[in-house]
Structures are given as C-alpha cells and as structure tokens.
Amino acid sequence: MCGIVGYIGEKKAAPILIKGLKKLEYRGYDSAGIATIDNGKIAIKKDIGKIDDIEKNIGLKSLDGCVGISHCRWATHGKVSRENAHPHCNFEKNISIVHNGIIENYTELKNKLESKGFKFCSETDTEVIVHLVDSYYEGDIKEAVIKALKEIDGSYALGLISSKDPDKLIAARKESPLIIGIGEKENFIASDVPAILNKTNKVIYLDNEEIALITKDKVDVFDINGSKIKKKVHKIEWDAEQAEKGGYEHFMLKEIFEQPKVISETVEGRISNDEITLKKEIGLTKEEIKKIRRIIVVACGTSWHAGIVGEFMLEELAKIPVEVEYASEFRYRDPIIDDGTMVIAISQSGETADTLAAIREARKKKAKIISIVNVIGSAIARESDIVLYTKAGPEIGVASTKAFTSQLIVLYLLTVYFGSIRGFIDKQQVKNRIRDLRMLPLQIQSILDEKNYIKLHAKQFYHKKNALYLGRGINYPIALEGALKLKEVSYIHAEGYPAAEMKHGPIALIDKEMPIVVVATKDNRTYKKVLSNIQEVKARGGIVIAIVTKGDKEIGKFVDHNLYVPKNSYILTPLLAVIPLQMFAYYIAVMRGNDPDYPKNLAKSVCVE
Ligand code: AGP
C-alpha cells in the first residue's frame, strides 16, 4: 500500500533510496519516484512502472544530493500516471513530499487551496499536503508541517524535504506505518524494516500524530502540538539476508521453501520438557484462562483463513467457543463483547487497517486483545495487550505463505496451552501433541521435495479459466486458502467451498473444463463424506485433483490426480495440505508468465480501510 524510503547522510541518496525502494516494491508497483536536494534545489524523477524499468528509462540513480525521499505507489486517488506518481511538490518546487495513506478531506482542502491561488498538477489526495505545508511556511518547516497535519483528516505516513531547510528530513505518521532507521552519520525513514535492514538494525517506531525532525546526526520526535517526545530505539533481530531472494527465482517460492525452518523457529523457546511454555509471553493467570467464555478472531484474507483453522483447534481442544470475523465487517455490527470475551487479531504485517480498526472497536468495548503478528513493533502489536509473534522473518511475496503456516503454529501452541490449563488435555496428550508438532518440519520438507511432481500437475492446468477448491472440517479453510492463492498470483478465477455445500449451488458449474481441487486427506471424520462429494463431481464430468494422505490406496480410483502429503494428526493436517496448494498456485502463475511476487492490483500491507 505504497512504500516510502528517505535518507539523510553523507552519501549520495539516490542509490540508497532505490535499493530500499526495491525492498518495498511489494507494497506498490504501479509507479515510483525520487526527490533529492541537489545544490540547494529539489530535483525529482518519477514515472510509471516498476523501479527497474523506471531506472532503465529515466535513470533515477543519476540524481545527486545526500538528502532524499522516494516512493513506490499503489494507486488509491488518481489513475496510474506520471503526474500522479510521487514525490509531489509545491509550485515553487522548494518542498517535496511522499505519502502513504488517504487524506479523507482532500476535496475540501483542495477547494480551499485553489481559491487561494494554489495550482494542482495531479489528481492525488497527497498533493494537498504539500500545498498546505507551503501555505503555512513562515521560516520553520517543522511548524508548517504541524499546522498542515492539524487540518488533515485521514491516514498518512509521509516524508518531506525542503530546499529552504536542506539539512533536514521530516517524517510524520498517523495510521500508516513509518519507521526511522538510526545509522552512523546517516538516518533513514521507511515504511517497513526490509528497506533499511542492510544499513541498520536500530529503529524508532513513530506513533500516531508524531512528527520527526531528522538530520544526519540526530532524530527529534514531537507530538502534534510540537512538544518533544522521548522515543525508544529498538533492535531488529531480522538480518538483511532474510530479505533477499537467496537464489530463488521469486520471493514467493523462497518463502514456500522456508516453511520447515520457519515452523521450527516459531516453536523454538515455546516448548520445554514436553510442556508448552507460553506462560510468560501470555502473562494470563490460570484463573483468567479458565474464565474465557468466548473468543472472537478478527483478521483479513489469508490471516482470516488461519483464524478459521484456529476456530477448529480452539473449540476442539480448549473447548472455547470461537467466532471468526472479517475484520473489515466487525465494527459495522454492534459486536457483543462481555468480560468473558477475548479477541484474537491475526495479521502478518500488523498494519492492516481493517484489523487495526477491529481491535480498536474491541478495545472500546473493553475486550482483552491477543495479537498474532509477524512484524515486530507494528501497529497491531503495539495496540494489543498480549502479542504472540510468528517468527516467519520478513515476508516479501505479496501472496502470504510462510506467515500463514507460522500463524497456524502459534494458534496450535495457544490451543494446546489453553486446553491443558482448562483441564481438557492431560499431560500425556500434551506430550503427544508436541510430538506431532515436531514431525512437521520434516514432513513439509518431504512435500517440497516433490516440487517437480507438483510442477507437472501445474502444467496440465495452467491454461484453465476457473477452478473450484473443496474441503471439509478443518480443511475447509485450506480450500479457501488454496483458491485465494491461485486467484492472487495466476488470475484464474477460483472459489473455495465447504465440500458438502457444493451441491447447493456450485455443482452447476461442473463440467470437463472445470478442475476441482479437493483436500481429501485420510481421517476418521470427514474422509468418507469427502469421497462421496468427489463422486458427485466425477458423475458430472469434473476433473479432480486431490490432496491425499501418502499411502491412501482407496482414493486413487475416484480421482484424476493425487498430490500427496504425509500423515499427521487431524488438527495439524492443514499445515501439510496447504503446501502443495501454495506450490500449485506458484507454478501455474509462473507458467502463465505472471510475476507472483507482484500480482496485479494487489499490495502486501493494506493500510487503507
Ligand atoms: C494473502 O495472500 C493476501 N495477500 C492478503 O489476503 C493478506 O493475507 C491480508 O491482506 C491480510 O494481511 P495481514 O496478515 O498483513 O493483516
């Protein structure tokens, strides 16, 4: 949802900005640009397209100057065009700005500014900010920014430079993410950590309505009234290498293959001597855990699918009723939250605006909030009572893969922990559950090792126009997730359905052109029923690709294609079944000539509601 990088220091800014921007391209890739201060003047280069192409066409790197801001755009207001690309500047070209977010009262502000003679040259909401700052400038850029921000409704992360004050970089945020990287005789701003990881691992998280005045040697942070605030410097544990492709063709593929390691790392430190050791992280007393009467999960997209798997886990093993809500819908009802209700927010980025709004709604109603988040220090993490971090490392691919499996791991750990404290799982069962968990990394590796086999299947289906994904019980959300992955990266229309629901409508779509992907792993709950659903598909000429348990001899005669996963407990099957579906979607996307890391129209962190 737009990426921002800013630099101030002793080195040439443009190459540093381009490098950082490339790491943020997952946030927006329809246009990009850079502004620097060179010889007391602002110089801007921007264009539509991806950064590499823009660099080739107009040579962003050639901009001189040691202070600069840059931006990659995911269009909200105004079409994709050079004029609408950031940075924007005022008429005299002595103030320039990059922005991520939405200015809700921009029409009103634009009319006001136009009536005062300010000329606009883009259709963006962002441009009002730069003219507003210009209108308030009376010799102090920070004061002008503060006055402008006080008039703005909406969300913003912004970087600003001015040739009237060439040794300063200004940053501000409200609702959209922005961090400050602390270097040696140089400082940075960025929308996300990977952009600056190769430069520093020391960061300051800007909070809502905070403004930073940054020089090469100093960072001062102020509130919206101009009072100075003391900020903590955090150390980031991720290393720069984790944000590189590491020899893989795409981040998505790298992240799919990282899953065995990510699972081990998410579990590490949370199990000891056959016990789940979440006590310290969660900080709830046994009595508080026993008193939980209901859990509401709020999340979006893939994280919402993780929530549905969590619902099955928590209800079955911890005996807590769970409702899984689209975060975007949650606050438009009047959700009933009493003191026995706990809210769990799930988010890879920790910045998804809808999820953030949902937890704020829950907080208003006095709910305790646990978040399951990947990005340390992100807004959702900071606004939660308890944070359980998934340790997936930076997820760059827009299609979430490793974050999903790590979310399932955290949900599983939480479930077993709650279940044992609430008295529904005894010591031996905890031990068995941990044993099952420990099997996962090797089991997932064995699926990954079958990549050529999965690729072969992708080859047979990559030209299809539609697909139906079916699953039952705990694998129903995996059908949803498989369909979402295919849609996102291959642009093939795909629907996920509970297998039995198919006969209540979607069955009308089935013919020999329609591939039906069915999660049909062997268990003693839904397997037989799923076999019946498969027969219903076959009777109508559909082609069935089934995710089956290794060694299942029965299913072969009913389906056209098998993708195998090893056997584990029913509750952990989703972690295995999703892997071939991620790979299937990835290979299909590549065969169709798509770049799965940058699916069209999508952005990684959706910071607008
Ligand atoms: C997943 O592949 C998607 N790109 C998307 O659905 C994502 O899961 C959703 O936007 C939520 O993001 P979050 O986990 O960062 O909150």
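Trainee: Which strands does helix α14 lie across, and at what angle does α14 run to β20?

Mentor: This is a predicted model, in which local features need pLDDT of at least 70, side-chain atom pairs count only at pLDDT 80 or more, and totals for chains, interfaces and linings use all residues. Residues are numbered from 1 along each chain as its sequence is written, and side-chain values use heavy atoms, with hydrogens and water left out. Helix α14 (residues 402–421) lies across β18 (294–299), β20 (341–347), β21 and β22; helices (H or I, at least four residues) and strands (E, at least two) are DSSP runs, numbered from the N terminus. Angles run from 0 to 180 degrees between N-to-C directions, with axes fitted to C-alpha atoms, for helices over the stretch in contact, and α14 runs to β20 at about 160 degrees.

Trainee: Which strands stand at the edges of the open sheet of five strands?

Mentor: The order in this open sheet is β19-β18-β20-β21-β22, with parallel pairing; two strands pair if DSSP finds at least two bridges between them. Each edge strand has a single partner, so one side of it is left without a neighbour in the sheet, and the edges are β19 and β22 (386–389).

Trainee: What is the strand order of the open sheet of seven strands?

Mentor: β5 and β14 (228–229) each have a single partner strand, so they stand at the edges. The pairing is antiparallel, and the order is β5-β6-β7-β8-β12-β13-β14.

Trainee: How many of the residues of α4 are buried?

Mentor: Buried means under 20% relative accessible area, exposed over 50%, and partly exposed in between (1.4 Å probe, protein chains only). What covers the buried residues of α4 includes β5, β6 (95–100), α3, α5 (141–151) and β7 (156–162). Among the buried residues are Val128, His131 and Leu132. Of the 10 residues of α4, the number buried is eight.

Trainee: Are α3 and α4 parallel, perpendicular or oblique to each other?

Mentor: The axes of α3 (residues 106–115) and α4 (residues 127–136) come within 10 Å and cross at roughly 45 degrees. Angles under 35 degrees count as roughly parallel, over 145 as roughly antiparallel, 65 to 115 as roughly perpendicular and the rest as oblique. α3 and α4 are therefore oblique.

Trainee: Which residues of α4 make the contact with α3?

Mentor: Contact means heavy atoms within 4.5 Å. From α3 come Tyr106, Leu109, Lys110 and Leu113, and from α4 come Val128, His131, Leu132 and Ser135.

Trainee: What is the omega of the cis peptide bond that joins His86 and Pro87?

Mentor: Most peptide bonds are trans. Pro87 is placed in the loop between β4 (67–73) and β5 (88–89). The bond from His86 to Pro87 is cis, with omega about -5 degrees.

Trainee: Is Lys319 buried, partly exposed or exposed?

Mentor: Lys319 lies in the loop between α10 (301–318) and β19 (322–326). Its phi is positive, about 55 degrees, although Lys319 is not a glycine. With a relative accessibility of 44%, Lys319 is partly exposed.
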